[in-house]
Amino acid sequence: MKLEIVDLHASVGGKKILNGVSLVINSGEFHVIMGPNGSGKTTLAKAIMGSPEVEVTEGRILVDGVLINDLSPDKRANLGLFLQFQNPVEIGGVGYVNFLRSVAEKRIGGTVSIKELMNEIKDYTNKLHIDQGIVGRSLNEGFSGGEKKKSEILQMAVLKPKIAILDEPDSGLDVDAVRVVANNISEISEKSGMGILIITHYNRILSYMKPQFAHVLYNGKIVYDGAADAVDEIEKNGYEKFIG
Amino acid sequence: MVDQFRKEAELLYKQLPYENNELYKRYQMKFDLPEYTEEEFKEGEEWKSYLKRLEEELGLKFDVVVHNGIALHKLSEVSPNIRKMEADGKSELEKIMKRLHNEPDKFVAYTCSKSRLVIDIREDGNRTYNILFINTSKSLPVVFNITASGGAKLTVNELFVAEGKEPIVSGCVQNIDVGDASYAELNMLHLEGKESDVFTVLEGNVGAEGKMATNLINAGGNRIRYRSSIDANGNGGKVQTNNIIIGFDAQRIDIAEKTKNINEGTESLSDTRAIMMGNSAAVIKGFSKIEKGARRSVSRINERGVVNGNDAYIYLIPDMSIDESDVVATHAGAAAPIDKDEVFYMQSRGIDEDTARFLIMAGFLSGSIGRISSDWIKSLSYSAITERIRGKGFGIPKAVNISDLWINGARR
């Protein structure tokens, strides 16, 4: 899968946030996007996924050359896109496992074996160090901050997207949890060959992963496109060199 | 004689402070009952095939069937603890009026003056009664007296259905008395057709260390009017009311529920969840009173509504009156459209918008449905509610199934 973002302009609540972002991500590639607070990283992630909150005013989003600007979020997801939310909403009464099963069945257009699904979930709850109890609960309801982040990664593992956008998977996690989450993201992406676009403020999570490309977003524009070494530069000296 | 009862009842009705409260009066649904003559009521035969199909579908036998307000089974064959009584006119009227704690309704008077039928359950063991109310034409309201005593654990499951060629008023008056250290659960599932108005009056009293739970599920009918008044009377007595409302089309729903903590260590928990669709409208009034002397009591009212329709409307009025200081009391009401972030979250996983909205609404009610102990009422409630949310018809759902949404919500 090839995701192309071409000269994307977008607003939220009438305020212009993205001012011409262009980016290309292929399955199997690992990109990191960084930028100061308010630079438009989350808006970009939401725009790619088709959030109704974000109004795309100009530019194109393409999947394998097909324009998806007008596709609903579910259709984008069924093409193979996945968004890990920074703050996933709690949805009471909707069982975690049933939700995942419904989604997985929608993706394959058939029936998913509950036994196989449960085994897969159990496998990843162990790997992600999540209390098995979350599978018996409602979707994200009452989850701790760490459980929410890990649960998003668990969903990604089960749904096997072609390109995943991870919006701050490390924020609010303790040092051990960051390592666990990073290792799992790496393992899942290597196993499935998915493309990753990770949004983060810190290089700690990246020390456990091997991003190939780095991008710096500032004032709604990509101001750096290049090698992942930029991450170390940002950690040492901040964004000055890029936004000068 | 009948006219005399009615005049007396109407006079009492006008004098009552509760129904004359300005706030409540403002949102009172006008509900004039039709004038029937007793000659109009016939047992008929049409209920038999309906009953057969329903029992097959649900895999159970109803203990009592009440057709158009007439009990059809020989109740003594069901259990020696259940019997049919003839109300003796005025004294019965006065008794019910008194027990309704000065909150009678005109309907009570009509019930007593016309029906004179009282089904009396006095249970002191562990027992479940399944009761079906079928109305296929004009129906007589039914009076139920339910008494659980001597440590009894009593469950009464009531299914109300009504389908007819003309508008029907489906009415029921229930008086429930839970004795010391006894337990009663009353599950009322309303699946009346769209031509039916539903009128329910419930009065309850709980003794020391006793517990009474009511689950009202409204997933049918045209106009709904529900009045309940339950007292946690004896020390440590507990009351839990659970109202699940689904409004659709042009339904009008008027619910007023009152609980009272009278003695020490009593508990009254009232929870209402409503989903309003189409151009339906509901007013939910919950009132809790903690009386002087009810120390260490707990009272909570929680009313929540989801509005899923441009013309739908819900007004929540949780209210409390507290005359004791050493208590825990909370009341809350919140209504909102479906959260767009929740819909987007689900869509981002590949669920289409309609399904996402359905799952959110079903999930909103699933916890409340999960509180019902009877499996068949729970299953039927869930099936009916999900069909209503999907915009399907009235009455008994074609396929009754237990969705595992709430099973995996770990609320069983």
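Colleague: Which residue in the turn of the hairpin formed by β4(A) and β5(A) has a positive phi?
Modeller: In this predicted model, β4(A) and strand β5 (residues 66–67) of chain A pair in the antiparallel sense over two bridges. A:Leu62 stands opposite A:Leu67 in β5(A). Two residues lie between the strands of the hairpin, and the one in the turn with a positive phi, about 50 degrees, is A:Asp64.

Colleague: What is the bridge partner of A:Val6 in β4(A)?
Modeller: Strand β4 (residues 54–63) of chain A runs antiparallel to β1(A), and eight bridges join the two. Within that pairing, the residue of β4(A) that partners A:Val6 is A:Arg60.

Colleague: Is A:Asp7 buried or exposed?
Modeller: Strand β1 (residues 2–12) of chain A contains A:Asp7. Its phi is near 45 degrees, a positive value in a residue other than glycine. Most residues other than glycine have a negative phi. Because A:Asp7 has 12 C-beta neighbours inside 10 Å, and 12 or fewer is the criterion, the residue counts as exposed.

Colleague: How many other C-beta atoms lie within 10 Å of B:Glu209?
Modeller: B:Glu209 also has a positive phi, near 55 degrees. The residue is found in the loop between β10 (196–206) and β11 (211–218) of chain B. B:Glu209 is partly exposed, because the number of other C-beta atoms within 10 Å is 17.

Colleague: Which strands are the edge strands of the open sheet in chain A?
Modeller: Six strands of chain A make up this open sheet, ordered β6-β9-β10-β3-β11-β12, and their pairing is mixed. From one strand to the next, the twist averages 15 degrees. Pairing on one side only marks the edge strands, which are β6 (81–84) and β12 (221–227) of chain A.

Colleague: Which residue in β11(A) stands opposite A:His31?
Modeller: Strand β3 (residues 30–34) of chain A pairs with strand β11 (residues 213–218) of chain A over four bridges, in the parallel sense. Opposite A:His31, the residue in β11(A) is A:Phe213.

Colleague: At about what angle does α5(A) run to β6(A)?
Modeller: The helix α5(A) lies across two strands of chain A, β6 and β9 (163–167). The angle of α5(A) to β6(A) is about 165 degrees.

Colleague: Which element gives the largest share of the side of chain A that touches chain B?
Modeller: The contact takes 29 residues from chain A and 26 residues from chain B. On the side of chain A, two or more residues each come from α2 (73–79), β7 (91–95), α3 (96–108) and α5 (145–159). That side divides into 14 nonpolar, 11 polar and four charged residues. The largest share, seven residues, comes from α3(A).

Colleague: Which element of chain B is included in what covers the buried residues of α8(B)?
Modeller: Helix α8 (residues 340–347) of chain B is mostly covered, with six of its eight residues buried. The buried residues are B:Glu342, B:Val343, B:Phe344, B:Tyr345, B:Met346 and B:Gln347. Their cover includes α2 and β7 of chain A, and from chain B the element included is α9 (353–369).

Definitions and conventions. Residues numbered from 1 in each chain as written. Chains lettered and ligands numbered in written order. Predicted model: local features only at pLDDT ≥ 70, side-chain atom pairs only at ≥ 80, totals over all residues. Contact = placed C-beta atoms within 7 Å. Nonpolar A, V, L, I, M, F, W, Y, C, P; charged D, E, K, R; others polar. Buried ≥ 20, exposed ≤ 12 C-beta atoms within 10 Å, placed from the backbone. Pairing = 2+ DSSP bridges. Axes fitted to C-alpha atoms, helices over the stretch in contact; angles between N-to-C directions.
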